[in-house]
Amino acid sequence: MTGRDEPFEVLPGEGISEARFGEPRTLHRERLGDHVPFERFPGSVLDSYYDMTLILTYDASDRLIEIDMSDSIDVLWRGISLAGRPLGEVLSNLENEGFSPDEFELESLRFSALGLSLYTPAPEELDEDVKHVILGPIH
């Protein structure tokens, strides 16, 4: 149980309504409530909300630079569910909206125009579910 029932709505280039890029960590802690800080690597302190459903990453000035949302809750963009569904279905939905991945790194397909990446442990397998949606600013 994540402690959150409503989906996260992706705002391309901005983040989500609860957490926008460039906002301070203190604002998110006030807005989102209970969190668990943790280190992904030495010196990095991230905040986890809703039992690791939402992970927020900050720069050295404590400003939001990345959002990672797991498939344990619905992540939507224009009504399209991005996580917890087969990668092939999500890709087809995004292509119908005019977007195709333009980068591949590790196990993520990056959509630079939307500022989002879809993570799946086997990106060559279109029936593999998307496990994480990672958002960043559009450059």
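## Glu 23 and Arg 31

Let's start with Arg 31, which is partly exposed at a relative accessible area of 39%. This is a predicted model, and in it the side chain of Arg 31 meets that of Glu 23 in a salt bridge, with N to O at 3.0 Å. What is the relative accessibility of Glu 23? Glu 23 comes out at 16%, and because buried means under 20%, Glu 23 counts as buried.

## Arg 25 and Asp 47

Next up is a salt bridge between Arg 25 and Asp 47, where the closest N and O atoms sit 3.2 Å apart. This one ties together distant parts of the chain: Arg 25 belongs to helix α1 (residues 25-32), while Asp 47 lies in strand β5 (residues 46-49), 22 residues apart.

Are these two partners buried or exposed? Arg 25 is buried, with a relative accessible area of 7%, and Asp 47 is buried too, at 0%.

## Asp 71 and Lys 131

Another pair to look at is Asp 71 and Lys 131, whose side chains form a salt bridge at 3.9 Å, N to O. Here the link also runs between distant parts of the chain, with the two residues 60 apart. Asp 71 is in the loop between β7 (64-70) and β8, and Lys 131 is in the loop between β12 and β13 (132-135).

As for accessibility, Asp 71 counts as partly exposed at 30%, and Lys 131 is partly exposed with a relative accessible area of 29%.

How many salt bridges does a search of the whole structure find? The count is 8.

## Helix α2

Now for helix α2, which covers residues 87-96. Which of its residues are buried? They are Leu 87, Val 90, Leu 91 and Leu 94. Looking down the axis of α2, these buried residues fall within an arc of 100 degrees, so they line one face of the helix.

What do the buried residues of α2 pack against? Their partners are four strands: β8 (75-77), β9 (80-81), β11 (108-111) and β12 (116-119). Just after α2 comes Gly 98, which takes a positive phi of about 95 degrees.

Methods:
Residues numbered from 1 in each chain as written. Predicted model: local features only at pLDDT ≥ 70, side-chain atom pairs only at ≥ 80, totals over all residues. Heavy atoms only, no water. Buried < 20%, exposed > 50% of the residue type's maximum accessible area, 1.4 Å probe, protein only. Arc of directions from axis to C-beta. Contact = heavy atoms within 4.5 Å. Salt bridge = Lys/Arg side-chain N within 4 Å of Asp/Glu carboxyl O.
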